[in-house]
Amino acid sequence: MNQAEVKKYRALLAAKREDILRASRRPEDIWIVPSNETIETVQLAGEREFAVRALERESKALSQIGAALARINDGEFGICVECEEPISPKRLAAVPWAAYCLRCQEMHDLEDRDGDAGPQLAA
């Protein structure tokens, strides 16, 4: 990967990180608000669960983007962390923070799905 491509991906990742941070939910969105109405309590719990899931997704995305930026700094960007083969430009164009080539990502997805014990609900 040449320096111009690396510079393009660095800018793209930084912009994506800024977009997530700008649109990020606030921690107040998961506060428990008491209510005397059962329906309102259920609705608030659903909204809180939605906010928790969104915060988890944002946190995971920020972590993946940070790791990709670290790989750029280390000169390892675009190389699969599992098999050490180049990640296809098409994959990087779709998912610039990708740490795995498509084959290794599919294997990780299968392992995650097989080891999944079901959805984890926030307490």
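What share of the 123 residues in the protein do buried residues make up? Buried residues make up 20% of them, where buried means under 20% relative accessible area, exposed means over 50% and partly exposed lies in between, with a 1.4 Å probe and protein chains only.

The model is predicted, so that local features need pLDDT of at least 70 and side-chain atom pairs count only at pLDDT 80 or more, whereas totals for chains, interfaces and linings use all residues. Residues are numbered from 1 along each chain as its sequence is written, and side-chain values use heavy atoms, with hydrogens and water left out.

**Confidence and fold**

The pLDDT, which is the predictor's confidence in each residue from 0 to 100, averages 86 over the protein, and 85% of the residues score at least 70. Among the elements, α2 has the lowest mean pLDDT (89) and α3 the highest (94). Over residues 117–123 the pLDDT is below 50, and this stretch has seven contacts in the model beyond near neighbours in sequence, a contact being heavy atoms within 4.5 Å. Where pLDDT is low, the predicted coordinates should not be read in detail.

The protein has four helices and zero strands, and along the sequence the pattern reads α-α-α-α; helices (H or I, at least four residues) and strands (E, at least two) are DSSP runs numbered from the N terminus. Of the contacts between residues at least 6 apart in sequence, 54% join residues at least 24 apart.

**The core and the aromatic pair**

The largest nonpolar core holds 16 residues, of which L13, I72, F77 and L92 touch the most other members. Both α1 (3–23) and α2 (38–74) give two or more residues to this core, and the largest share, five residues, comes from α2. Such a core is a set of buried Ala, Val, Leu, Ile, Met, Phe, Trp, Tyr and Cys residues joined through side-chain atoms within 4.5 Å.

Leaving aside its neighbours within four places in sequence, F77 is in contact with M1, Y9, L13, A68, R71, I72, L92 and P96. A search of the whole structure finds one aromatic pair, and Y9 and F77 form this tilted pair, at 5.2 Å centre to centre and 45° between the planes. Rings of Phe, Tyr and Trp (its six-membered ring) pair if their centres lie within 6.5 Å, with planes under 30 degrees apart counted as stacked, over 60 as edge-to-face and the rest as tilted. Because Y9 lies in helix α1 and F77 in the loop between α2 and α3 (89–94), the pair ties together parts that are 68 residues apart in sequence. Both Y9 and F77 are buried.

The phi of E84 is near 65°, a positive value in a residue other than glycine. E76 and A99 are 23 residues apart in sequence and 9.8 Å apart in space, C-alpha to C-alpha.

The count of disulfides, pairs of cysteine sulfur atoms within 2.5 Å, comes to zero. The sulfur of C80 is 3.7 Å from the closest cysteine sulfur, in C83, which is too far for a bond.

The table lists the relative accessibility of these residues.

| Residue | Relative accessibility | Class |
|---|---|---|
| E76 | 44% | partly exposed |
| C80 | 1% | buried |
| C83 | 24% | partly exposed |
| E84 | 60% | exposed |
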